[in-house]
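User: Hey, I've just opened this one and I'm new to it. Can you walk me through it?

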Amino acid sequence: MAENKNQVQNEEDIITLEFDDGEDIECEIMGIFDYDGNDYIALIPLDDSDDVYIYGYREVGEDEFEIVDILDDELFKNVVGEFEAIMAESEE
């Protein structure tokens, strides 16, 4: 599970995720998108990998948000499918 440390640098849109094992990873916010009436966030880790992290997204105040793990496997699969469809459209 990852937690957003709420270290958002507005100009670069970088946040730091803290994982349960104590590892911190800085990520660029790729974007926020909607699936089935809920918001999700796509993050690109700044570790030279090709990974993209997908989490649930909730605004909890002005300029504050939280990210949450998507625990349902079927929902996660559908959200990733929506993300991939958005990316395919943007490449056209």
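This is a predicted model: local features need pLDDT of at least 70, side-chain atom pairs count only at pLDDT 80 or more; totals for chains, interfaces and linings use all residues.

User: How far apart are the end C-alpha atoms of α1?

Analyst: They are 27 Å apart, and that agrees with the 27 Å its 19 residues, 73-91, should span at 1.5 Å a residue. The expected span is 1.5 Å times one less than the number of residues.

User: How many helices and strands are there in the chain?

Analyst: There are 1 helix and 6 strands. Along the sequence the order is β-β-β-β-β-β-α. Helices (H or I, at least four residues) and strands (E, at least two) are DSSP runs, numbered from the N terminus.

User: OK, strands. How do β2 and β3 run?

Analyst: They run antiparallel, with 5 bridges joining β2 (residues 14-19) to β3 (residues 24-35). Two strands pair if DSSP finds at least two bridges between them. T16 stands opposite E26 in β3. The hairpin of these two strands has 4 residues between them, and G22 there takes a positive phi near 90 degrees.

User: And over how many bridges do β3 and β4 pair?

Analyst: Over 8 bridges, in the antiparallel sense, with β4 covering residues 38-45. I32 has I41 in β4 as its bridge partner, and C27 stands opposite P45 in β4. That hairpin has 2 residues between the strands.

User: Is D36 buried or exposed?

Analyst: D36 counts as exposed because its relative accessibility is 66%. The cut-offs: buried means under 20% relative accessible area, exposed over 50%, and partly exposed in between (1.4 Å probe, protein chains only).

User: What about D48, what is its phi?

Analyst: Near 65 degrees, again a positive value in a residue other than glycine. D48 lies in the loop between β4 and β5 (53-61), and at a relative accessible area of 80% it is exposed.

User: How do β4 and β5 pair?

Analyst: In the antiparallel sense, over 4 bridges. L43 has Y53 in β5 as its bridge partner.

User: Switching topic: how many aromatic pairs are there?

Analyst: The count comes to 4. Rings of Phe, Tyr and Trp (its six-membered ring) pair if their centres lie within 6.5 Å; planes under 30 degrees apart count as stacked, over 60 as edge-to-face and the rest as tilted.

User: Why is the pair of F33 and Y40 tilted?

Analyst: Because their planes are at 35 degrees, with the ring centres 6.1 Å apart. F33 counts as buried at 8% relative accessibility, and Y40 does too, at 5%. Another tilted pair is Y57 and F65, at 5.2 Å centre to centre and 35 degrees between the planes. Both Y57 and F65 are buried.

User: Which residues form one aromatic cluster?

Analyst: F33, Y40 and F83.

User: Back to the helix. Where is G81 found?

Analyst: In helix α1. G81 counts as partly exposed, at 32% relative accessibility. The C-alpha atoms of G81 and Y35 are 9.7 Å apart, though the two residues are 46 apart along the chain.

User: Last one: what share of the chain do buried residues make up?

Analyst: They make up 28% of the 92 residues.

Conventions. Residues are numbered from 1 along each chain as its sequence is written. Side-chain values use heavy atoms; hydrogens and water are left out.
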